[in-house]
Amino acid sequence: QVQLVESGGGLVQAGGSLRLSCAASGSIFSIGDMAWYLQAPGKQRELVAEITRSGATTYADSVKGRFTISRDNAKNTVYLQMNSLKSEDAAVYYCNAQVTDVYVRTNWVWGRGTQVVVSS
């Protein structure tokens with residue numbers, strides 16, 4: 001079983017920075033696209049940023065210029081550098097990855113989330 005574990009969330013003041021990490025572990029053969037989503041209370045989960053294995057990135061309009069997604073394929077890890085944080089960024093952030101395991105089964109795997117709280 002492949003799992004994703006997020007870390008790096010916490011309380012930060014508006015205007016501050018935070019870096020989230022998501023490490024995949026288990027019987028992994030390869031990982032394709034990876035992404036970060038957020039889910040605010042009472043709302044649906046929304047895409048924040050995604051990155052292909054080769055490094056091509058896309059961002060939600062609300063975070064362009066402030067957030068940066070990156071990955072380390074050797075470590076099976078994706079990162080989200082969040083700068084100039086706003087109260088609107090507060091949410092639970094979830095990692096999502098397209099994983100092919102050693103049994104050649106490919107699917108999207110979700111992490112359990114990490115909480116980001118922004119004080120203002």
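Hi everyone, let me begin with a definition: a patch here is made of residues with over 30% relative accessible area and no salt bridge, where like charges are joined within 9 Å and nonpolar side chains (Val, Leu, Ile, Met, Phe, Trp, Tyr) within 5 Å. The accessible areas come from the Shrake-Rupley method with a 1.4 Å probe, and for residues only the protein chains shown count as cover.

Before I use that, two notes on the source. What you see is a predicted model, so local features need pLDDT of at least 70 and side-chain atom pairs count only at pLDDT 80 or more, while totals for chains, interfaces and linings use all residues. Residues are numbered from 1 along each chain as its sequence is written, and side-chain values use heavy atoms, with hydrogens and water left out.

So, to the patch. Phe-29, Val-102 and Tyr-103 together make a nonpolar surface patch of about 380 Å². Phe-29 sits in strand 4, residues 28-39; strands, by the way, are DSSP runs of E with at least two residues, numbered from the N terminus. Is Phe-29 buried or exposed? Exposed, because its relative accessibility is 63%. The cut-offs are these: buried is under 20% relative accessible area, exposed is over 50%, and partly exposed is in between, with a 1.4 Å probe and protein chains only.

Next, the disulfide. There is one in the structure, and it joins Cys-22 to Cys-95 with an S to S distance of 2.1 Å; the criterion is a pair of cysteine sulfur atoms within 2.5 Å. Cys-22 lies in strand 3 (residues 18-25) and Cys-95 in strand 9, so the bond ties together parts that are 73 residues apart in sequence.

On to charges. How many salt bridges does a search of the whole structure find? Three, where a salt bridge is a side-chain nitrogen of Lys or Arg within 4 Å of a carboxyl oxygen of Asp or Glu.

Let me start with Arg-66 and Asp-89, whose closest N and O atoms are 2.8 Å apart. This pair links distant parts of the chain: Arg-66 is in the loop between strand 6 (57-59) and strand 7 (67-72), and Asp-89 is in the loop between strand 8 (77-82) and strand 9 (91-101), 23 residues apart. Arg-66 counts as buried because its relative accessibility is 10%, and Asp-89 is buried too, at 5%.

Then there is Arg-105 with Asp-101, an N to O distance of 2.9 Å. Here Asp-101 is buried, with a relative accessible area of 8%, whereas Arg-105 is partly exposed at 47%. Lys-64 and Asp-61 also form a salt bridge, with their closest N and O atoms 3.0 Å apart. Asp-61 counts as exposed, at 64% relative accessibility.

Now a charged residue without such a partner. Glu-6, in strand 1 (residues 3-7), is buried yet has no salt bridge, and the nearest side chain of opposite charge, Arg-112, is 6.1 Å away. What lies by the side chain of Glu-6 instead? The backbone nitrogen of Arg-112 is 3.1 Å from one of its polar atoms, and the backbone nitrogen of Gly-113 is 2.8 Å from a polar atom of the Glu-6 side chain.

One more polar pair. Thr-100, in strand 9, is buried at 14% relative accessible area. Its side chain makes a polar contact with the side chain of Thr-106 at 2.6 Å. A polar contact is a pair of N or O atoms within 3.5 Å; within protein, one must be able to donate a hydrogen and the other to accept it, and residues adjacent in sequence count only if both atoms are side-chain atoms.

Last, some backbone geometry. Most residues other than glycine have a negative phi. Asn-76, in the loop between strand 7 and strand 8, has a positive phi near 50°. Ser-84 also has a positive phi near 50°, and its place is in the loop between strand 8 and strand 9. Asn-76 counts as partly exposed, at 24% relative accessibility, and Ser-84 is partly exposed at 39%.

Thanks, and I'm happy to take questions!

Terms used: Helix = DSSP H or I, 4+ residues; strand = E, 2+ residues; numbered from the N terminus. Lys, Arg positive; Asp, Glu negative; His and termini not counted.
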